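Trainee: Could you please show me how to read a structure of this kind?

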Amino acid sequence: MNKFVGKIKSSIFTKLLLVIIMTGIIVIALIGGFLKYYTHKMKPPFQKNAIHYTNYIIREIGTPPDTIKALEISQDLSLQIRFESPDFKWTTNEKLISFKNFDEKNSYENENIKIDFDEGVYYLTLQQDIGRYLFAFDFRESAASSELLSVFLIFLLTLVFTAAYLLIKRILKQINLLNEGVKQVAGGNLKYQVAVTNPDELGKLSESFNSMTRRIGEMIRSKERLLLDVSHELRSPLTRIKVALEFVEESQSKESVKEDISDVEKMITEILETERLNSDHGKLILTKTNVLELIKEVCRDLQNKHPGIKPASVPESVFLNIDRDRIKTVLKNVLENSLKYSKPESLPMEISINDKEKSLVIIIKDNGFGIAEEELPFIFEPFYRVDKSRSKETGGYGLGMSLCKKIMEAHGGSIEIKSELNAGTTVYLKFTRYINYAAHS
Ligand SMILES: Nc1ncnc2c1ncn2[C@@H]1O[C@H](COP(=O)(O)OP(=O)(O)OP(=O)(O)O)[C@@H](O)[C@H]1O
Ligand SMILES: [Mg+2]
């Protein structure tokens, strides 16, 4: 029941359908009620007319009836007649109900005139001086056709509701398309355009949504362009500063300037490298590489940094067809992060490999600061850094992870991160195996 209510609450489609069904039921009930009231109101004048009418017939056929005339009238008007007096009994149809049965079924105060409507036949008995008449007006034929009419009506109603159902579904299709568009754009696909099926309000909303995403895409692209241009322009002055710095006397401040310059250089390399991966001339240079060797190489470079790296219990060699330098960049950034964002008392980080038939996952686990859950979705955004003040000491510009993601995706793999604040972070570098098969071919 709760599930049903929940479904109604969460679906405009179901709500609209319910409104239409309820409106239909109310309209039908109102029309039915009105008709019932109307026929009820019509009953007394109709009865008066019926009595009057039968009196005319009696006058025409006489009492006792002129049977030939009575038979003629009976056939003409689809009317059955029974007459009974102490010395004359006559009827147009032997099957017509007898006075005895009729009186047993109906008890009325007025003995002279008795009226009954039973199964489509309208009965009326009139007491005359020398006998008693029973008239039966047969409405069964028209009653049968009215039954047919109600079946037809139900069929028509079903048809109308089905048409309404399909029409609402069609009108609301645009909402589903729009919903998919919002999901795609939220997932970062700014190139997605919602298909517009109708020029109505929802169609217009979808068009506005499309032009909004186009505009945002253009804005982001021009910002990226600016960033790339600035990075390019900064390279030569930086080289000149580095050359000039070599002629300066050794001092504390010279060292610190050198460190700053190397930081900025790293940032520029990361920005340009990310862009290169998007362009044609920056495609991967795949070689069959022993991933274990590569990990060891990176670990060697970071050997002396706190809290250290626990020797990995991994197989001797695992080969993958990868761009060696770029995967080295990924490993370096992830390992550096784990070392940078660790506490003085943190345990050494661990590296393990999950080697499966279809995939290979390198798992890097640390016991450092960890990342709050709400920050996790933004880690792969360029220039995103969690704790600005803490990050100041560690250096870096928040570009490492975004570059790692680009490189892993270019390899047909993925990078995932799980983290718990103050407990530690685990990074999963996932490679799909078909690249490995390509290495052996
Ligand atoms: N292992 C980790 N433990 C805790 N925080 C992490 C870890 N890895 C990444 N982070 C957080 O994610 C942010 C982004 O990481 P990223 O590698 O992109 O940038 P960075 O290391 O700050 O700078 P860069 O890599 O450009 O030198 C970091 O600033 C840090 O706050
Ligand atoms: Mg980093």
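Mentor: We shall discuss domains, cores and the ligand shell in turn. This is a predicted model, in which local features need pLDDT of at least 70 and side-chain atom pairs count only at pLDDT 80 or more, while totals for chains, interfaces and linings use all residues. Residues are numbered from 1 along each chain as its sequence is written, and chains are lettered from A and ligands numbered from 1 in the order in which they are written.

Trainee: Which domains does the chain have?

Mentor: Domain bounds come from an automatic or database domain assignment. Here the assignment gives domain 1 (2–138), domain 2 (201–278) and domain 3 (282–440). The C-alpha centres of domain 2 and domain 3 are 23 Å apart.

Trainee: Which residues of the largest nonpolar core touch the most other members?

Mentor: In soluble globular proteins, nonpolar side chains tend to be buried together. A nonpolar core is a set of buried Ala, Val, Leu, Ile, Met, Phe, Trp, Tyr and Cys residues joined through C-beta atoms within 7 Å; buried means that 20 or more other C-beta atoms lie within 10 Å of the residue's own, with C-beta atoms placed from the backbone. In the largest core, of 32 residues, they are Val 330, Leu 331, Val 334, Ile 364 and Cys 404. Helix 9 contributes the most to this core, six residues; helices are DSSP runs (H or I, at least four residues), numbered from the N terminus.

Trainee: Which helix supplies the largest share of the shell around ligand 1?

Mentor: Helix 9 does, with three residues. Helix 9 (324–340) and helix 11 (400–410) each provide at least two residues of that shell.

Technical notes
A residue is buried if 20 or more other C-beta atoms lie within 10 Å of its own, exposed if 12 or fewer, and partly exposed in between; C-beta atoms are placed from the backbone.
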